[in-house]
Structures are given as structure tokens and as C-alpha cells.
Amino acid sequence: MRILEPEHFEGARALVRRTWRVSYAHLFTPEEIAAFFEGPRPPRDPALVFWSVARWGAFLDGELVGSSSLEMRADGNAELRTLYVDPDVHGRGIGRALWDTAVDRARVEGADGFVVRVLERAEALGFYRHLGAEEITRGTLRVGARVAPTITLRLGLRPGV
Ligand SMILES: CC(C)(COP(=O)(O)OP(=O)(O)OC[C@H]1O[C@@H](n2cnc3c(N)ncnc32)[C@H](O)[C@@H]1OP(=O)(O)O)[C@@H](O)C(=O)NCCC(=O)NCCS
């Protein structure tokens with residue numbers, strides 16, 4: 001697991017896109033996925049200020065096979081973004097290692113909680129629940145012409161918060 005440098009960003013974007021095509025094939029057509037990646041970024045919650053903390057990559061035999069990034073939010077939570085593992089190597093502990101790295105860093109940053117937004121029908125929902133995160137809000141994400149329901153989950157990082 002290591003911090004990704006700018007020279008890896010293109011590879012990380014390709015990994016995310018490939019993972020979408022395989023893992024979300026039951027949710028979106030290839031055209032909808034292409035529209036999502038080639039169109040403007042979806043708007044973020046204007047009530048929250050975000051700043052980037054770090055971006056990590058997981059490597060197997062020198063190949064980038066997983067990535068994630070962490071942002072801090074003005075509401076005191078850290079937000080996990082873009083956690084993706086190459087579908088060829090799912091189930092080998094890479095997702096958990098990326099999750100643990102980001103949670104540890106969120107604690108160091110002094111975050112009260114750790115949040116992540118996931119598509120309601122993505123298998124990753126079970127993964128996040130398995131790791132202890134609980135649903136806090138629901139929303140939507142526009143992917144091409146489709147509007148997909150999302151769930152935001154949170155893991156508390158301090159007792160009582
Ligand atoms: C979700 C994802 C990141 C998990 O990564 P992974 O490397 O396959 O997961 P791991 O092997 O590290 O699994 C860690 C633990 O979670 C469990 N787990 C993994 N996927 C799970 C699922 N869908 N439901 C329930 N538990 C799950 C594993 O059994 C394992 O449990 P254990 O450590 O107690 O034995 C990966 O499947 C993925 O990239 N999915 C597609 C993209 C995606 O939807 N990303 C989320 C964007 S918000």
C-alpha cells in the first residue's frame with residue numbers, strides 16, 4: 001500500500017473505469033458508464049468543504065490493482081472516495097487493506113467519523129457493512145441518463161460521536 005504519485009493517476013482512473021464496467025454491469029450500460037466518465041464531475045454537496053488528504057494504491061507484482069482516496073470535510077468527518085479493487089483480485093484482502101489505511105489516516109487527521117457513499121445496488125454495500133459502517137443518509141447519483149439510488153454509511157471514530 002503506498003501513496004499514489006501523479007504519474008499513477010492515469011492508471012488509477014483506468015482501474016476505476018474498468019472496475020465500474022465489470023462490477024456495475026448489472027446496473028449501467030457501457031454507454032451510461034462512458035457518459036459518466038467523460039462528462040462533467042457530478043456536483044458535490046455545497047454545504048461541505050472538502051480537501052484532499054491522500055490517494056493510495058495497492059500493487060501486486062508491480063501492477064496497480066486497487067486504489068482509494070480520502071478527503072476531510074468541514075463537518076468533522078473524513079470521506080473515503082473511489083475505493084476500487086481490480087475485479088480479478090477481489091476477495092484477497094486488498095479492499096480491507098485500503099479501508100484500514102484510510103481509517104487509520106482519518107484518525108490521525110482527528111476526524112470524528114468516516115463516511116462513504118455507495119450505490120444502493122453495489123455489492124460493496126455488504127463490504128462496508130461487514131466492516132462496521134452504518135447507513136446515515138440516502139441520495140442519488142446520475143450516471144448518463146439514469147439516476148441511481150445511493151446510500152451513505154458512517155463509521156464512528158470516537159466514542160459517542
Ligand atoms: C468492495 C470491494 C472494494 C471489496 O474489495 P475486496 O478486496 O474484494 O475485499 P476484501 O477481500 O478485502 O474483503 C474484506 C472483508 O470484507 C468481506 N467482503 C468483501 N466483499 C463483501 C461483500 N460484497 N459483502 C459482504 N462482505 C464482503 C470479505 O469477506 C472480507 O471479510 P473478512 O476479512 O472478515 O474475511 C471490491 O469488491 C470492489 O472494488 N468492488 C467494486 C467497486 C465498488 O463498488 N467499490 C466501492 C465504491 S463506493
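Which strands does α3 lie across? The answer is β2, β3, β4, β5 and β7, and α3 runs at about 30 degrees to β3. That angle is taken between axes, meaning lines fitted to C-alpha atoms, for helices over the stretch in contact, with angles running from 0 to 180 degrees between N-to-C directions.

Okay, some ground rules. What we have here is a predicted model, where local features need pLDDT of at least 70 and side-chain atom pairs count only at pLDDT 80 or more, while totals for chains, interfaces and linings use all residues. Residues are numbered from 1 along each chain as its sequence is written. When I say helix or strand, I mean DSSP runs numbered from the N terminus: helices are H or I with at least four residues, strands are E with at least two.

Let's start with the sheet. This is an open sheet of 7 strands with mixed pairing, in the order β1-β2-β3-β4-β5-β7-β6. At the edges sit β1 (2-3) and β6 (134-143), each pairing on one side only. Strands count as paired if DSSP finds at least two bridges between them.

Then β4 and β5 run parallel, with 4 bridges; L80 is opposite V116 in β5.

Now, why is β4 largely enclosed by the rest of the structure? Because 7 of its 9 residues are buried. Buried means 20 or more other C-beta atoms within 10 Å of the residue's own, exposed means 12 or fewer, and partly exposed is in between, with C-beta atoms placed from the backbone.

Phi of T82 is near 45 degrees, a positive value in a residue other than glycine. D61, in the loop between β2 and β3, also has a positive phi, near 50 degrees. With 5 C-beta neighbours inside 10 Å, D61 counts as exposed.

On to the core. The largest nonpolar core has 28 residues, and L98, A102, A106, F114, V116 and L153 touch the most other members. α3 gives the most to this core, with 6 residues. By nonpolar core I mean a set of buried Ala, Val, Leu, Ile, Met, Phe, Trp, Tyr and Cys residues joined through C-beta atoms within 7 Å. Leaving aside neighbours within four places in sequence, V116 is in contact (C-beta atoms, placed from the backbone, within 7 Å) with E79, L80, Y128, A133 and L153.

Last stop, the ligand. There are 20 residues around the ligand, and H90, G95, R96, A124 and G126 come nearest; to be near, a residue needs its C-beta atom, placed from the backbone, within 6 Å. Elements giving two or more residues to this shell are α1 (9-23), β4 (77-85), α3 (94-108), β5 (113-119) and α4 (124-130). The largest share, 4 residues, comes from α4.

Key
Two residues are in contact if their C-beta atoms, placed from the backbone, lie within 7 Å.
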